[in-house]
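Dear colleague,

I am handing over the structure below, and I would be glad if you kept it open while you read the notes that come after it.

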Amino acid sequence: METPVPLGRSGIMVSPMGLGTWQWGDYFIWRYGKGYQDADLHEAFQVSLKAGINFFDTAEIYGRGRSERLLGRFLPEAAEPVVVATKFMPLPWRLRKGALRSALKASLGRLGLERVDLYQIHWPFRPRAVEVWAGALADAVEAGLVRAVGVSNYSAGQMARAYEVLARRGVPLASNQVEYNLINRRVERNGVLERCRELGVTLIAYSPLAKGLLSGRYTPENPPPGLRRRLYHPTDLAAIQPLIRRMRETGRPPCQVALNWLISQGAVPIPGAKNARQAADNAAALGWRLTPEEVSALSHP
């Protein structure tokens, strides 16, 4: 088993990699119900547990609540305590601070929990300022509904503002969940990764496999299915093939190399899994580390 890592300064320890559940109930991007069903997701959950993964991330909008309900259905099977994270979406009509507590209680109901381990603001959407929702997160902690709090898709400046509001209430900002992978490395250039390290905030990396592009399965001749085919032009798929070849040179499957590389950066990746096979492939990224030379070769092509 891998040694757990701290979730910011919250006191919560998580496995170095979690499981993201965006695919659980989402048809628009992931075509839930077409090629995989609830039974497949159940097996993915079980395989992840057996591999030592104890961190599961969901959100109220994933599958319009279905992801939370499925996770809540599976949670009683865990023999050991698990860390559950979900998210609040600050929709434009959610203007009052109390909207967060109402949404949180609805999420807890779907999850079958009395409190959630990590509650995150999904996006820094207007019209309310990030300070408003940071204050609402602190309220949720004080009410005993949440163990730790985080943000998602926040810039370095927005994260610092939320951090300050929470610090004044004695609540640490545990995490910032952002897109980060070997293809999308914006957080290295825009200050987010550096600010996370300065503030002691864990960077949770979503889409760590770039929606499957870093799995090695897709080429210009074999693009991903569904909406993902529209998101990526054949020239994009052609451009990443040299990276895929360098990943294969390590002697391990590209998906495992991509996840292990993120762990080497100090991030906690949360790849998704539609079935037991994908969950097992992801879990095989644990228990070993890329060499410094391999990390450098992938980081500086």
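Predicted model: local features only at pLDDT ≥ 70, side-chain atom pairs only at ≥ 80, totals over all residues.

Residues are numbered from 1 along each chain as its sequence is written, and side-chain values use heavy atoms, with hydrogens and water left out.

To begin with the sheet, eight strands form an open sheet with parallel pairing, in the order β3-β4-β5-β6-β7-β8-β9-β10; strands here are DSSP runs of E with at least two residues, helices are runs of H or I with at least four, and both are numbered from the N terminus. Two strands pair if DSSP finds at least two bridges between them. At the edges are β3 (19-20) and β10 (268-269), each of which pairs on one side only. Within the sheet, strand β6 (residues 116-121) runs parallel to strand β7 (residues 146-152) and is joined to it by five bridges, and Leu 118 stands opposite Ala 148 in β7.

Next come the salt bridges, each being a side-chain nitrogen of Lys or Arg within 4 Å of a carboxyl oxygen of Asp or Glu, and by this rule the count comes to 14. One of them joins Lys 87 to Asp 57, with the closest N and O atoms 2.6 Å apart. Because Lys 87 lies in strand β5 (residues 83-88) and Asp 57 in strand β4 (residues 55-57), the pair ties together parts that are 30 residues apart in sequence.

For the helices, axes are lines fitted to C-alpha atoms over the stretch in contact, and angles run from 0 to 180 degrees between N-to-C directions. The axes of α1 (residues 38-50) and α12 (residues 276-283) come within 7 Å and cross at roughly 25°, so the two helices are roughly parallel (angles under 35 degrees count as roughly parallel, over 145 as roughly antiparallel, 65 to 115 as roughly perpendicular and the rest as oblique). In their contact (heavy atoms within 4.5 Å), Asp 40, Glu 43, Ala 44, Val 47 and Ser 48 of α1 meet Ala 276, Ala 279 and Ala 280 of α12.

Helix α2 (residues 66-74) packs against helix α3 (residues 98-111) at an angle of about 45°, with the axes 7 Å apart, which makes α2 oblique to α3.
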